[in-house]
Amino acid sequence: RVKYSTEILASESDSEQRRSLRLQPRRSFEVSFARSRALRTRLDSFLAGVGKNQMLVPMWHEQYMLTGVLGVSLAFPSGTLRLREFVSGMYCLVTYKNPNVYENVQIASVDLETDTITFVNAPAATWGLGARIIPLRVGRIVDSSTIDNKTDAVGLTQIRFEVDDSEQLWFEPSWNGLRLFTFTPNRATDISTTYERPTAFVIDGEYGVLDVYDSEQRGRVVTRGALHFRGQQALMRYRQFLDMARGRAVSFWIPTFTTDFHLLSDIVGFYIDVKSVGFTDLFKTIQVYRSALAINLRDGRTIYRFIADVTELDAETERISFDDILPTVSADDVFRISYLMPVRFDQDSFELLHLVAGSAHVQAAFVVRSAEPMPLPVVEQNVLTSLVYPIEVVESLNVGSTLASGRFGETAIDHLNVNATLPSALLETVIAFKTIDAGPDSLNVNATLLGGSIQNIINFVEHVDPADDEELDVTATLTGASLVNI
């Protein structure tokens, strides 16, 4: 289970301000055990003795079977090590069939170019073909565990291990261009859609008829589906997408995965003619979750377009116009036309069910709800400003105002420093404040620039009821720049 934490402030118009409270997800693993005889007692001893203390938890789904004798290093198949959780400095468990016989080895380095991990020391025992090496993580058991003793010698239990993931994730989040949800749902299960009206308020006085007030006439859809991944590469792409979305924090685009329009003729120009579905009659107000289309072609390509207008040609035909020209496509080459919705996840917790080792068969479920395509910027916890994802490192920064306006009143300030250091930028209006009944001993204004321009360092300093300034220092250090209106 991967769990993020998002705080959401919603208005009556259904606009949202989201705050990501956890930059890295918490992870937990729930494992089922069936043990008999001495191994059942060993499991009992483990649960009774370990308590909530830290331990090294094996990542059983990441185990790798050795193909030869394990030495001071281990080479993986080309291109697969970056998909696994072998991290420098962590430990690995090496074992075979007997759980009483095992060895822990520490990873000294991980080389993704050669897909090789090197250990601090070679294993003391000889581990050959058939033995398994499993990465370890520091974790603990937080929830209470129960052993169901089916007989006097057989017991079943499920244990949830909470992993202390303080280190950085071993992969980078994926944005795949326009933040498109490109994963194919498992059609062995249903894709369900719920329709809501979050801006409608119902007044029920119990005695008369209902009164409904809908100020925005905005709807909301919630879609639920299941996913099925085969292989570590497919699962890694999903984990990267989850880390991009950070649970409910960041919005993205997703098709409905249903045939929403039936094409009547070839695609040519800026529009398509489809069988009438009542779009012009029922959508009196623009709904963001019905404002774009995804046209899937049989050759695997997908065309994405925003809807510009919908007109009714006759009782059987509607014409959908787009904001950009379409390529010429035969109607027989179109597989499906679906709505494309701006959404966010409606869950902060994601469960990944590993049915076998090696991520060869993984099941997951998702819940999304429609959202504005360009919501208020996501706010990160412990960051002073609202930032739009992804966070990018910039070479230069233009600062319009470091202190646009401030006011100090009835406060004994011993020392006030205003500092600005920029490698290449424009710094304007550093100070604009008043002091009322304040007696600072020293006021220092410093600016250091390399190749830039300082303008209006002190916009105004006004003292009321007089303020006693013993010292007022204005200092500027520039290299290859200009200083204007000190």
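The model is predicted, so local features need pLDDT of at least 70 and side-chain atom pairs count only at pLDDT 80 or more, while totals for chains, interfaces and linings use all residues. Residues are numbered from 1 along each chain as its sequence is written, and side-chain values use heavy atoms, with hydrogens and water left out.

Rings of Phe, Tyr and Trp (its six-membered ring) are paired if their centres lie within 6.5 Å, and a pair is stacked with planes under 30 degrees apart, edge-to-face over 60 and tilted for the rest. The model holds 22 aromatic pairs by this rule. In one of them, Phe183 and Phe241 are edge-to-face, because their ring centres are 5.7 Å apart and their planes stand at 80°. Phe183 belongs to the loop between helix H2 (176-179) and strand E14 (192-196), and Phe241 to helix H3 (residues 232-245), so this pair ties together parts 58 residues apart in sequence. Helices (H or I, at least four residues) and strands (E, at least two) are DSSP runs numbered from the N terminus. Buried denotes under 20% relative accessible area (1.4 Å probe, protein chains only). Phe183 counts as buried because its relative accessibility is 5%, and Phe241 likewise counts as buried, at 1%. Both residues are members of one aromatic cluster, which also includes Tyr4, Phe181 and Tyr238.

Charges also meet rings. A charge sits over a ring if NZ of Lys or CZ of Arg is within 6 Å of the ring centre and within 35 degrees of the ring normal. Arg319 places its charged end over the ring of Tyr271, 3.9 Å from the centre, and Arg290 lies over the face of Tyr339 at 4.3 Å.

A pocket is an open set of points, on a 1 Å grid over the protein atoms alone, where a 1.4 Å probe fits, with protein on both sides within 12 Å along at least five of seven lines; lining residues have an atom within 4 Å of a point. The largest pocket has about 1000 Å³ of space. Of its 26 lining residues, Arg42, Pro58, Trp60, Leu93 and Pro99 lie nearest the centre. Elements supplying at least two lining residues each include strand E4 (26-36) and helix H1 (38-50).

The second largest pocket has about 710 Å³ of space. Its lining has 30 residues, with Phe29, His61, Leu352, Leu353 and His354 closest to the centre. E4 gives the largest share of this lining, 6 residues.

Technical notes. Buried means under 20% relative accessible area, exposed over 50%, partly exposed in between (1.4 Å probe, protein chains only). Grid points are joined across faces, edges and corners, and a volume is the space filled by probe spheres set on the points.
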